[in-house]
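Please study the sequence and the model shown below. The exercises after it are each followed by a worked solution.

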Amino acid sequence: MHRTYSMRSQRAPTAAQMQAPPPPTSSTKSKFFGKGSLSHSIRKSAGGAFGPELARKLAQLVKMEKNLMRSIEITASERKEVARQLSVWGEGNDDDISDITDKLGVLIYEIGELEDQFIDRYDQYRITLKSIRDIEGSVQPSRERKQKITDQIAYLKYKDPQSPKINVLEQELVRAEAESLVAEAQLSNITREKLKVAFNYQFDSMREHAEKIALIAGYGKALLELLDESPVTPGETRAAYDGYESSKQIIIDAENALATWTFDSAVVKPTLSFAAHDEEEYDDEDLAEETENLKITEDQWAAEDKVAA
């Protein structure tokens, strides 16, 4: 948030930023190629075309996530420009509109800042997915080696069943299968572990971002309440605006709310509902009916036995 609480003054670091430095800048943020969509298309189409076959699908997902984050980066940049332009436009209007639009610009600019922070946190999710991709890529050679030895044994048994190489290859196959079992177990374990970690990163970043956006929206609506929208007749002078201190305090409150927000203070909390099926209980009438049906069935069986005899 702007320490001076205005879009028209120099921006300074917030107390929250000084107390808790932000995460490292996302590795996806563009450095050379700007905002064009050509790079997006290339990454998406080429993401799964190279590397070990086992890792190609996840590699494509990682590239698509990179495209998504680049799009969010563009949105964040454009939102900051919108905030600046809103303040520029409002400056030439009446005092109340000038002050309110300037403070609204501060809040909207902060949304752009939150989107930048969201990218940095979201990137932790993408990096964790990449670690699964790397494990998949490392397992591929053991699979290929086992398959290659299996094919060689099958070929020799068909071409030269008495070849001494068959025994050697079968021993190699045993070792290859053992190595493959270890690699597959590691892949299974690490995939589950990293998948959980990755999406915890993603959902935590989403949750924090959404809660803070909701806070900003609430303070933005509070600013709008300071705007006198009562109509005036031609020639009538509108009352002088005296909301400067109130608007500044709203921005201060917004800054404090964002700085002190934690997951424990989150307003939206999920509620899980699992269907619980109680065991069915018979009442006296149901039990009597079941007993009568059972008696009728036994009588029918007895009658059928007599006929058969």
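This is a predicted model: local features need pLDDT of at least 70, side-chain atom pairs count only at pLDDT 80 or more; totals for chains, interfaces and linings use all residues.

Residues are numbered from 1 along each chain as its sequence is written, and side-chain values use heavy atoms, with hydrogens and water left out.

**Exercise 1.** Describe the secondary structure and the burial of the protein chain.

Solution. Step one: helices (H or I, at least four residues) and strands (E, at least two) are DSSP runs, numbered from the N terminus. The protein chain has seven helices and zero strands, in the order α-α-α-α-α-α-α from the N terminus. Step two: a residue is buried under 20% relative accessible area, exposed over 50% and partly exposed in between, with a 1.4 Å probe and protein chains only. Of the 309 residues in the protein chain, 31% are buried.

**Exercise 2.** State how the axes of helix H3 and helix H4 are arranged.

Solution. Step one: two packed helices are described by the angle between their axes and the distance between the axes. Axes are lines fitted to C-alpha atoms, for helices over the stretch in contact, and angles run from 0 to 180 degrees between N-to-C directions. Step two: the axes of H3 (residues 56-91) and H4 (residues 95-159) come within 8 Å and cross at roughly 170°. Step three: angles over 145 degrees count as roughly antiparallel, and H3 and H4 are therefore roughly antiparallel to each other.

**Exercise 3.** Compare the span of helix H6 with the expected one, then locate Ile 251.

Solution. Step one: the expected span is 1.5 Å times one less than the number of residues. Helix H6 (residues 244-260) has 17 residues and reaches 24 Å from first C-alpha to last, close to the expected 24 Å. Step two: Ile 251 lies in helix H6 and is buried, because its relative accessibility is 0%. The buried residues of H6 also include Ser 247 and Leu 258. Step three: between Ile 251 and Gly 220 there are 31 residues in sequence and 8.9 Å in space, C-alpha to C-alpha.

**Exercise 4.** Is Gln 202 buried or exposed, and which residues does Gln 202 touch?

Solution. Step one: Gln 202 is placed in helix H5 (residues 165-224). Step two: Gln 202 counts as buried because its relative accessible area is 7%. Step three: with contact meaning heavy atoms within 4.5 Å, and residues up to four places away in sequence not counted, Gln 202 touches Glu 65, Tyr 122 and Tyr 125.

Key
Angles under 35 degrees count as roughly parallel, over 145 as roughly antiparallel, 65 to 115 as roughly perpendicular and the rest as oblique.
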